[in-house]
Amino acid sequence: MSDPKIEGLELKPGFKGMASDTASDQTMFKGVHWGKAMMWIFLLSDTFVFSCFLISYMKGRASTPVEWPNPSEVFALNAFGVPVPLLLIAIMTFVLITSSGTMALAVKYGYERNRKMCGWLVLATALGGLTFVGMQAFEWSKLIHEGVRPWENPFGAPQFGSYFFMITGFHGTHVSIGVIFLFIYAYKVFAGHYDNGKKGWFTTMKGDYVEIEILGLYWHFVDLVWVFIFAFFYLW
Amino acid sequence: MHAGIIFFLVILGSVLFHIFTPWYWTDIASNWQSMDDTITLTFWVGGGVFVAVCLFMIYCVFKFSYKEGRKAEYKPEDKKLERILTWATTLGVAALLAPGLIVWNQYVNVPKNAIHIDVMAWQWGWQYRLPGKDGKLGNTKIVNINEDNPFGIILEDPNGKDDILIQSDVIHLKNNRPVKILLRSVDVLHNWYVPQFRAKMDAVPGVITYYWFEPNKIGEYEVLCAEYCGVGHYAMRGGVKVQSKQDYENWLEEQETFSDLIAKQNKIEFNEKKLAKK
Amino acid sequence: MSEDFKDKNIIQAQSSETISGSGSGVSPDMDYVRPAEIPEQDLYHGHSFITKWVFCQDAKVIGVQYFCLATFTGIIGLILSWLMRLQLGFPEAAGFMTAEHYYQFVTMHGMIMVVYFLTALFLGGFGNYLIPLMVGARDMVFPYVNMVSFWMFFVAVGVLLASFFVPGGPTGSGWTLYPPQAILEGTPGSGMGIILMCVSLALFVIGFTMGGLNYLITILQARTRGMTLMRLPLTVWGIFTATVLAMLAFPALLVSAIMMSLDKLLGTSFFMPTILKAGEVLEYGGGSPILFQHLFWFFGHPEVYIVALPAFGIVSDLISVHSRKNIFGYRMMVWAIVGIGALSFFVWAHHMYVSGMNPWFGFFFATTTLIIAVPTAMKVYNWILTLWRGNIRMNTVMLWCLGFIVTFVNGGITGIFLGNVTVDVPLSDTYFVIAHFHMVMGIAPLMVIMGAVYHWFPLVTGRMLSEKLGKWHFWATFLGAYSIYFPMHYLGFIGVPRRYFEMYDSPYMTSAVGMNEFISTAAFLVGAAQFILIFNIVKSLKIGKPAGKNPWKANSLEWLTPSVPPEHGNWGERLPVVHRWAYDYSVPGAKDDFIVQTTPPSEVVHTKVEKT
């Protein structure tokens, strides 16, 4: 996206520009859509939620008296009779990151007002997310089958089960909410709401492809959080 | 005008209340005179600032009350005045902080000769354990606690055998000898607090916390639980008896050790078995 | 619509140039203000009673709704405090009260007052009403989300109050909800009570996040032409910073509420170590109770400033308006608010000096805590320096402000006691703490709320409140509250622990009996005095003096709406254009002793107004 043009104000690059934007009237972030600014701030708040979860997890893991289970064994998947560590997780991560890619493309085509491509890519992102949630459900059922519960864990410290189910569950809820919205937005793109500026259900704001970008911000965030969860749960 | 007078009376009343109050801290009975001193210092500096700010405010009320036609001063900023006030405040705050940190350093560093006391808390009561001749306390585990082993001492730990068990909520302390209070709780948070000793610390289930003091006044004191621990919190009291060296050692002689307890239990068991056989 | 609006704005800017050129002979572009960047906001106007007054999308109505609901819960909190004081002062008269009841009332009183009363009132109530008006917006940027925010709060309050009627009653674990006791037998309401508390808090956080996003984006992205950040009234700065704190601190509360609910419902052991209860080892183990305390206070300390910062901001404006003088050191005030907000995230463990955390943390947190004292002291100096050489109207609003200064300085000084780690050791968990935080974050913000009510009531309703009743209300509240909490510090010096249901059997507590009776009596009177305000409001709504426009001769935008009270959309045809800060009072050379924010420079060229 190119820089916005603001009448009567020269936008400067770097810190100087930031300072002059801050000192100016009307808006702090020049040319930034209200919804987009809102999403950034919401994500900052959500970052704190996940940080609190992950820091609690680190504290819990560091102070539990029973030994923590070895993640590469617990999360191994039998492929053709050979236990491959982290196989499922690798696929899940790959799917989620790919869906981030399709989301970014959808934003690009959206701004180019390419309705069809944008719609298909949003749909592809939704399907990627759905696959991820499905695989997570599979992993949960596998662990539950093996006897891991939020309150107990045959492989070691019971906190492993508690933190795993809570944090991946909370993340999975984020993904699921994202998937629902992706489907809704795919419909809205195909129906042309963003081309003719149809108002949304709950808002008096006119439809615009910027909404795809806003949803994209959320989706990339969920993806980024997954990278941290992946690192803390599976690689540590 | 009336408002200014009432505000002045409030400030005057506060100062007089402080001077003539019958409610003030109990006579100190430990080495933490330095805590009282930091409080006193904070009181004079803080109280001085409070009175000064309020008197200035009252002065303004008297001097600058609304008069039709008078114009207030227009002076958005006074950099110099603001700078002076900032630095003066910073200095004042640093002067209060420094003694606080120095005393805190004493508080977290326990003297080497301190007697260790295991203070065990539960809903709602206290019991105590002193090290035996070896000067060391045996390790404990909550799951080991039962009628035969009220402190949950690990039986294999040789340090635990001669530990002196005091299954009462009153503990005796030797005058002028530092004690390190090792707190543990078997259920919820508690806090072993004797106002006359000034010091306190929470007992947290799962970990052992500590603090220390040196009792220096012979007498009997009441222990209060100072961390909310459920519905019996207010009734969770104990006692401390600070005694001279001789009295303390006499009392210690009479106490039961862990091995005494085991021997007693075995004897009872043996007798019961004998009875059963007959 | 947006296109013609832009044109209109440009035309307007040009026309003001031509008007200003007349007479004073100044260059025509001195009044130039950049044209609008953003097209006009399209508002949803309600037509039926339901869309106008119930599920309303007008921030002003939402603000009043927040205000009323928060006040309602606040009155419940007040009644609970009466019951507590009855038990403490006159236990023989409180025979119906068991220890369980007492601890439940303590807990609910604390939680209601801190979260559901003060936070909701300042941010939801004053924030919603004042932000759009003060920044010159037509409404909040997301009116629908704003409406949902209020109804979330409504449900949260409903769930909270529902816990009074479940088996076991509401939780009685203290407002800090410390585990393990919060979810174990032996604490009242450890079943349904604590779960409903966690659910209610989670709902509150979700609802608040919706509102908070609105406040922030409105302040950052929807200011009117000419309104720079450094021209905002301090009220907006206070609410803004408090909202940022809330957005970053409430996550910790949400997380701890989720984890504690799981400990209770699923039997996880996040906060639960091995526990022996009634001779049996429970099925918990390996968790850390101190982790909860860290999470809770990471929320809890910023929460103090979430309440305090809007109060700081509002009181600055009230003092400035009613002493007819600009706020002294505006930029210092702004930086102090922002600095206090930032520092408040690095001081949380000063609530935990004797909690059993690693004692070495004490050094760090004592230092950060005392650093906060510096910007806070600067604010106090600036308030009293604003009074100095002012032209102080001694009306009810000013009385509340003076009451605020006295109680806030008092409570702030005792904060230095408790923040300084060594001094905290003998005083923590005693009545000194109770006295301190009631003075500093109970009474002081309450003084500001009352001042703000008397100040903005004419704007909201178009009628003035009775000054006579207001003065009675003030003196009863101020003198009463001061005589509750000032002596209470001395109970703490004696060593009386907090959260004691009764305490007459200890030798050094018997001396406190008389004082407790006195404090309780004062508490009953202060509580009752609040009904003067309710009477005053009801009476003034009917027969109050009509306020007219800008009765206080204030500068800020909220008084400059075309109609009083302002209508939906606030500004009628055209948005205001701002040319100055909100504090040009008593400018030498000016005709009046105030120059409103929309006055263009060309109209005041002959005055000695400083460029802002």
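The centres of domain 1 and domain 2 of chain B, taken over C-alpha atoms, lie 39 Å apart in this predicted model. Domain bounds here come from an automatic or database domain assignment. For chain B, that assignment gives domain 1 as 2-63 + 77-108 and domain 2 as 115-271. The contact between them takes 9 residues from domain 1 of chain B and 14 residues from domain 2 of chain B; two residues are in contact if their C-beta atoms, placed from the backbone, lie within 7 Å. The side of domain 1 of chain B that touches domain 2 of chain B has 5 nonpolar, 3 polar and 1 charged residues. In this classification, Ala, Val, Leu, Ile, Met, Phe, Trp, Tyr, Cys and Pro count as nonpolar, Asp, Glu, Lys and Arg as charged, and the others, Gly among them, as polar.

Residues are numbered from 1 along each chain as its sequence is written, while chains are lettered from A and ligands numbered from 1 in the order in which they are written. Because the model is predicted, local features need pLDDT of at least 70 and side-chain atom pairs count only at pLDDT 80 or more, whereas totals for chains, interfaces and linings use all residues.

Chain B also holds an open sheet of 6 strands, in the order β8-β5-β1-β2-β3-β11, with mixed pairing. Helices (H or I, at least four residues) and strands (E, at least two) are DSSP runs, numbered from the N terminus, and two strands pair if DSSP finds at least two bridges between them. The edge strands of chain B, β8 (209-213) and β11 (256-257), each pair on one side only. Strand β5 (residues 179-185) of chain B runs antiparallel to β8(B) and is joined to it by 5 bridges. Within this pairing, B:Ile181 has B:Tyr211 of β8(B) as its bridge partner.

Chain C is likewise assigned domains: domain 1 (54-232) and domain 2 (550-612). Their centres, over C-alpha atoms, are separated by 35 Å. Here 13 residues of domain 1 of chain C are in contact with 17 residues of domain 2 of chain C. Helix α4 (residues 99-135) of chain C gives the most to the domain 1 side, with 4 residues. That side has 5 nonpolar, 3 polar and 5 charged residues.

Finally, 40 residues of chain A are in contact with 39 residues of chain C. On the chain A side, the elements giving two or more residues are α1 (14-23), α2 (34-63) and α6 (158-190) of chain A. The largest share, 14 residues, comes from α2(A). By class, this side of chain A has 23 nonpolar, 14 polar and 3 charged residues.
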